Amino acid sequence: MLELSLHVLDLFQNALEAGATRIQLEIVEDVAQNRLSISVEDNGRGMSREALARIDDPFFTTRKTRRVGLGIPLLKAAARRCNGDVRVTSKLGVGTRVEADFERDHIDRAPLGDMTGTLLGFILTSPADGEACDIHYTHRLDGRTFTFDTREIREVLGGVSLMHPRVRRWMEDFMERGFRDLYRNPSF
Amino acid sequence: MPRLESLEDLRALRAEVQEELTVRGETETVITVGMGTCGIAAGARETMRAILKELEDRDIDAHVKTVGCIGMCADEPLVDIKQGDEPRITYGNLTAEKVPDLIEEHLIKGNVVEGWVLGRLREA
């Protein structure tokens, strides 16, 4: 994938398909140690030991629409070519945690990319009716932290949809300002 | 970052939007974007953002949602448009740069863009 945020969106889709109602996304950029890590933890149905053992196999998928599942293998390839790796832990009935880490300044490390678009893509997938899935996103960089929590936003909004155009614009603006603040004086 | 100030803005926005909602009816147009691994890799997120932008610029009321893979990975990005009782139209290879023309033809002029159609489905 061209951006790490596209892998994040892919992990979100997996979590939603697993019936998650709460996803925790944590991105940590440690400039001194030259590491970037992304972890996505959900409270979905989790995977059996057998399914977990086959997670790297591109020809293993639980879906019926096609015979391949490339999400995790692609992420693993992306992490490994940057001297990093992917770890997946899962427990049936509890949830799944996927953690990928990268050498931050590696020449092959894809940019994080459009996180705002990724979060919008996630919000559009949440069921319009039925139980909504919330996301809690924390991004740390050199002692600064950006937080985005849809539960908090939903509470303020009452019955108004997260996808109302004006709410969407507010979220875009909120995230843009948040990222600007996070990446000010980047220590490259 | 002025987080609390920002949430205050959101609170004010909510009050305005709620008033608006009582006037506005439900939309009959649903646009669905495939967002499986295949769709994402083919540019579905950019297609989705282009659709949102186009709807906003033209002030069109439509419900946009994303779904997983339906098995036609080679034709991603896939976009479905369903309007009222009309058949559901599936468009393939719908990259972001095609979005303005699609919205213009299908939603404004009411013409299905035949060259981009993969299939149509009449739902029971």
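What pattern does chain B follow, read along the sequence? The order is α-β-α-α-β-β-β-α-β, which comes to four helices and five strands, taken as DSSP runs numbered from the N terminus (H or I, at least four residues, for helices; E, at least two, for strands). The model is predicted, so local features need pLDDT of at least 70 and side-chain atom pairs count only at pLDDT 80 or more, while totals for chains, interfaces and linings use all residues. Residues are numbered from 1 along each chain as its sequence is written, with chains lettered from A and ligands numbered from 1 in the order in which they are written.

Now for the partner chain. Some 27 residues of chain B are in contact with 32 residues of chain A, contact being C-beta atoms, placed from the backbone, within 7 Å. On the chain B side, two or more residues each come from α1 (3-23), α2 (37-42), α3 (44-57) and β2 (63-67). The largest share, nine residues, belongs to α1(B).

Over in chain A, helix α5 (residues 150-157) has A:Thr150, A:Ile153 and A:Leu157 buried. Seen down the axis of α5(A), these fall within an arc of 60 degrees, so they line one face of the helix; the arc is that of the directions from the helix axis to the C-beta atoms. Turned away from that buried side are the exposed A:Arg151 and A:Glu155.

Methods
Two residues are in contact if their C-beta atoms, placed from the backbone, lie within 7 Å. A residue is buried if 20 or more other C-beta atoms lie within 10 Å of its own, exposed if 12 or fewer, and partly exposed in between; C-beta atoms are placed from the backbone.
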